[in-house]
Number of protein chains: 2
Amino acid sequence: MADRIGFTLWFTGLSGAGKSTLAEALSARMNALELAHEILDGDIVRTNLSKGLGFSKEDRDTNIRRIGFVANLLTRNGVPVMTAAISPYKAIREECRALIGPDSFVEVHVHAPLEVLIERDTKGLYKKALAGEIKEFTGVSDPYEEPENPDVKVHTHEESVEESLEKIWAHLKERGFVE
Amino acid sequence: MADRIGFTLWFTGLSGAGKSTLAEALSARMNALELAHEILDGDIVRTNLSKGLGFSKEDRDTNIRRIGFVANLLTRNGVPVMTAAISPYKAIREECRALIGPDSFVEVHVHAPLEVLIERDTKGLYKKALAGEIKEFTGVSDPYEEPENPDVKVHTHEESVEESLEKIWAHLKERGFVE
């Protein structure tokens, strides 16, 4: 097993900030290097592990704990995992960091100012949230607790996907997770 | 990755038949050989992935699908997994076999006659189920659909744990999962 190093790269950030885009870009790079890995995207997890859960604090916490549980199973078996759920609450992110172990946990804050995301609104969700059509929408009608000390912070309103990816890759290299 | 062969060993059988006991015995043997693996026990999964789900057919199916989803993530990354939930419904077991892939799926029917289990009743659950204190109890007030063609069938009322384990081990060897 010594030949494989598992880690969990935990993306956190507002809807539309670029978590999934970055996860896919990183995945493509790892594929090119034939590095096996898994992506636990918010939607995949909501479908396969958390159907029936809503967006109350309690349900969000349960959803994130499940992602942490699965990420840990993979990580401790030497599989790199990326999670890409909003994960708005700090305490639960810290709980996942503790479960997986800080040495195997990489928190990446995918940041863009709310105004930019509302302006961008690629999925039209902010418009609906602002109109009150979607309730408990993170950043609009539900809290987002910013990471205080993320391992990496990317600014997707100022950086290209490639630039953000380079910052993440450099950190993974520094930690010995990739070469 | 070629150095690790993943598979899912799917125990199915009535409560008290010996699924967890066999999973633990197999786990001990694999530990002795330094073969990494994971056990997705019914209780562990109910706590970490399926809190809030009950024992209706729908909830049981959801629970088993989640186990299948996680077992698949591990298996396809070269990790041997044992699942030890009752998994009473044939259609969902077959769904998991199809998801994970028949070549990586080992169904083990842990069988003992209901009368023996009622007599044994190590956890006192059958007594409660027969008295109507537990509802939807598999084998008493809820169906158990026996596997028609399990890869291995063990008879825990006639075999010692060691004997059942040998049957399972021989099958894993035959399939090339262990040496």
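Helices α1(B) and α7(B) are roughly perpendicular to each other, because their axes cross at roughly 65° (angles under 35 degrees count as roughly parallel, over 145 as roughly antiparallel, 65 to 115 as roughly perpendicular and the rest as oblique). This is a predicted model: local features need pLDDT of at least 70, side-chain atom pairs count only at pLDDT 80 or more, and totals for chains, interfaces and linings use all residues. Residues are numbered from 1 along each chain as its sequence is written, while chains are lettered from A and ligands numbered from 1 in the order in which they are written.

**Helices α1 and α7 of chain B**

- Helix α1(B) covers residues 19-32, and helix α7(B) covers residues 161-174. Helices (H or I, at least four residues) and strands (E, at least two) are DSSP runs, numbered from the N terminus.
- The two axes come within 10 Å. Axes are lines fitted to C-alpha atoms, for helices over the stretch in contact, and angles run from 0 to 180 degrees between N-to-C directions.
- The crossing of α1(B) past α7(B) is right-handed. A crossing is left-handed if the near helix is turned anticlockwise from the far one by less than a right angle, and right-handed if clockwise.
- From α1(B), the residues Thr21(B), Leu22(B), Ala25(B), Leu26(B) and Arg29(B) take part. They meet Val161(B), Ser164(B), Leu165(B) and Ile168(B) of α7(B). Two residues are in contact if their C-beta atoms, placed from the backbone, lie within 7 Å.
- By class, this contact has six nonpolar residues, two polar and one charged. Ala, Val, Leu, Ile, Met, Phe, Trp, Tyr, Cys and Pro count as nonpolar, Asp, Glu, Lys and Arg as charged, and the others, Gly among them, as polar.

**Where the chains meet**

- Chain A gives 15 residues to the contact, and chain B gives 15 residues.
- On the chain B side, helix α3 (residues 57-75) supplies the largest share, six residues.
- That side of chain B holds eight nonpolar, three polar and four charged residues.
- Helix α3(A), also residues 57-75, packs against α3(B) at about 25°, with the axes 10 Å apart. The pair is therefore roughly parallel.
- α3(A) passes α3(B) in a right-handed crossing.
- Val70(A), Leu73(A) and Leu74(A) make this contact with Val70(B), Leu73(B) and Leu74(B). The contact has six nonpolar residues, no polar and no charged ones.

**Helices α3 and α4 of chain A**

- The axes of α3(A) and α4(A) (residues 90-100) come within 9 Å and cross at roughly 20°. These helices are therefore roughly parallel.
- Here, too, the crossing is right-handed.
- In α3(A), the contact residues are Asp61(A), Ile64(A), Arg65(A), Gly68(A), Ala71(A), Asn72(A) and Thr75(A). They meet Ile92(A), Glu95(A), Cys96(A), Leu99(A) and Ile100(A) in α4(A).
- The classes in this contact are six nonpolar, three polar and three charged.

**The nonpolar core**

- In soluble globular proteins, nonpolar side chains tend to be buried together.
- The largest nonpolar core has 78 residues, and Phe11(A) and Phe11(B) touch the most other members. A nonpolar core is a set of buried Ala, Val, Leu, Ile, Met, Phe, Trp, Tyr and Cys residues joined through C-beta atoms within 7 Å.
- A residue is buried if 20 or more other C-beta atoms lie within 10 Å of its own, exposed if 12 or fewer, and partly exposed in between; C-beta atoms are placed from the backbone.
- Not counting residues up to four places away in sequence, Phe11(A) touches Lys19(A), Leu22(A), Ala23(A), Met82(A), Thr83(A), Ala84(A), Val108(A) and Val110(A).

**Residues with positive phi**

- Asp121(A) is not a glycine, yet its phi is positive, near 40°. Asp121(A) sits in the loop between α5 (114-120) and α6 (125-130) of chain A. Asp121(A) counts as partly exposed because it has 16 C-beta neighbours inside 10 Å.
- Ser87(B), another residue other than glycine, has a positive phi near 40°. Its place is the loop between β3 (80-84) and α4 (90-100) of chain B. Ser87(B) is buried, because 27 other C-beta atoms lie within 10 Å.

**Two exposed residues of chain B**

- Lys51(B) lies in the loop between α2 (42-48) and α3 of chain B. Lys51(B) counts as exposed, with 11 C-beta neighbours inside 10 Å.
- Lys51(B) touches Thr62(A) and Arg46(B), not counting residues up to four places away in sequence.
- Thr47(B) is in helix α2 of chain B. Thr47(B) counts as exposed, with 11 C-beta neighbours inside 10 Å.
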